[in-house]
Amino acid sequence: MATGFIALLDDIAALARVAAASIDDIAAGAAKAGSKAVGVVIDDTAVTPQYVDGLKPSRELPIMKRIFFGSLRNKLLFIVPVALLLSEFIPWLLTPLLMLGGTYLAYEGAHKIIDKLRRGKETKADAPAVVKGKEAEDRIVREATTTDFILSAEIMVISLNEVTDEVLWMRAAILIVVAIAITVLIYGVVALLVKMDDLGLWLTQRNNAVVQKIGRGLFAAMPKVMSAITAIGTVAMLWVGGHIVLVGLDEIVWSAPYELGHTITTAIAGTGGGFFVWFVDTLYSTIFGLIWGAIVVGIVSLLPFKHGREADTKFEIDHAGTVHIRRRSDQPAPLAD
């Protein structure tokens, strides 16, 4: 009986070693897969802060929390299972689906730029979401999680391509680890960014003069930083969307745009300078994304439907700080805080 008990312990120890080895393999696979998607992770981090621009400070973290869980839900309940099933049974469908997502990103980026040029510098056409109420906050979360869905799909597919040699359950485990780790990383950084002005304000209230000066500088700089991040996020959508569409076209139907970019970067590579080559390749993808997105914006504008009340709505703030909402044929109506 003692011998049987010892044999059982040996079996348990062997299983523990196998489990430990599997955990190591999953960690190594997740690190390998996640590192390949780092470019899209940076893009996702740059895109997200624009959705809380203009929010009342007390609403920033609650909205970010909703977007965080929406992103995690996107990855774990939809993207990872679908990506695994498609890679197992109909892998050829992944590229067209990614191209649809890339087209959406290009459309969003081009739409923002065209809308900005059309309205001019005088507007922030929308009042802060807190003014418009819960409905507007819901719309912000919906828009953010939709954009995140596409970027997350790109991250997961890139990660999946790095572990295609693994068995199905290992691929699933690796993608789950990557999904959780990357979501925590992205939204941890974003939460830190959007609360930096509050940190600056807190520092200005300390007794140390040097700390107060740092706080004032931080508080003054953050609006400019957030504006820059918003601009970077728009460019990032065009870059990632353009790159996805370029690669997809090359794989499926039309290689000329991709080959043109490859020819340009190859010619530049002969002159040396790895960063410059990367910059030109990124610029080419961004320009292509802008052109592709502008074409889609034009097509959508011809469709026989409107984009909802937001397109027909203008928000104005008077000298007293009261926010008014103006719709066609309406008089300004003050809104309470």
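Biologist: Axes are lines fitted to C-alpha atoms, for helices over the stretch in contact, and angles run from 0 to 180 degrees between N-to-C directions. At what angle do α3 and α6 pack?

Modeller: About 40°, with the axes of α3 and α6 8 Å apart. That makes α3 oblique to α6. Under 35 degrees counts as roughly parallel, over 145 as roughly antiparallel, 65 to 115 as roughly perpendicular, and the rest as oblique.

Biologist: Which hand is the crossing of α3 and α6, left or right?

Modeller: Right-handed. A crossing is right-handed if the near helix is turned clockwise from the far one by less than a right angle, and left-handed if anticlockwise.

Biologist: And what residues make up that contact of α3 with α6, by type?

Modeller: They divide into 14 nonpolar, six polar and six charged. Ala, Val, Leu, Ile, Met, Phe, Trp, Tyr, Cys and Pro count as nonpolar, Asp, Glu, Lys and Arg as charged, and the others, Gly among them, as polar. Contact means heavy atoms within 4.5 Å.

Biologist: Before we go on, what am I looking at?

Modeller: This is a predicted model, where local features need pLDDT of at least 70, side-chain atom pairs count only at pLDDT 80 or more, and totals for chains, interfaces and linings use all residues. Residues are numbered from 1 along each chain as its sequence is written, and side-chain values use heavy atoms, leaving out hydrogens and water.

Biologist: Fine. How many helices and strands does the protein chain have?

Modeller: There are 11 helices and three strands. Both are DSSP runs numbered from the N terminus, helices being H or I with at least four residues and strands E with at least two. From the N terminus, the order is α-α-α-α-α-α-α-α-α-α-α-β-β-β.

Biologist: What share of the 337 residues is buried?

Modeller: It is 39%. Buried means under 20% relative accessible area, exposed over 50%, and partly exposed in between, with a 1.4 Å probe and protein chains only.

Biologist: What share of the contacts with a separation of 6 or more links residues 24 or more positions apart?

Modeller: In the protein chain, that share is 72%.

Biologist: Let's do the core. Which residues have the most contacts inside the largest one?

Modeller: Met64, Ile67, Leu84, Met156, Leu175, Ile186 and Tyr187, in a nonpolar core of 34 residues. Such a core is a set of buried Ala, Val, Leu, Ile, Met, Phe, Trp, Tyr and Cys residues joined through side-chain atoms within 4.5 Å. Two or more residues each come from α3 (57-89), α6 (134-161), α7 (168-194) and α9 (209-252). The biggest share is from α7, at 11 residues. A second, separate core has 10 residues, including Leu94, Leu105, Leu151 and Met237.

Biologist: Back to packing. How do the axes of α4 and α6 cross?

Modeller: Helix α4 covers residues 94-119, and its axis comes within 10 Å of that of α6, crossing at roughly 140°. That makes α4 oblique to α6. The crossing is left-handed. On the α4 side, Leu94, Leu98, Gly101 and Tyr104 are among those in contact, and the α6 side includes Thr146, Ile150, Leu151 and Glu154. By type, this contact has eight nonpolar, four polar and one charged.

Biologist: And α8 with α9: what angle?

Modeller: About 150°, with the axes 7 Å apart; α8 spans residues 196-204. That makes α8 roughly antiparallel to α9. Their crossing is left-handed. Among the residues in contact are Leu199 and Leu203 of α8, and Arg216 and Phe219 of α9.

Biologist: Is Leu199 buried, partly exposed or exposed?

Modeller: Partly exposed, at 36% relative accessibility. Leu199 and Arg216 sit 17 residues apart in sequence and 9.9 Å apart in space, C-alpha to C-alpha.

Biologist: Now Ser71. What does Ser71 contact beyond its neighbours within four places in sequence?

Modeller: Thr145, Asp148, Ser152, Thr183 and Tyr187. Ser71 lies in helix α3. Ser71 is buried, with a relative accessible area of 0%.

Biologist: Last one. Where is Ser285?

Modeller: In helix α11, residues 274-301. Ser285 counts as buried, at 2% relative accessibility. Setting aside residues up to four places away in sequence, Ser285 touches Leu238, Trp239, Gly242, His243 and Leu246.
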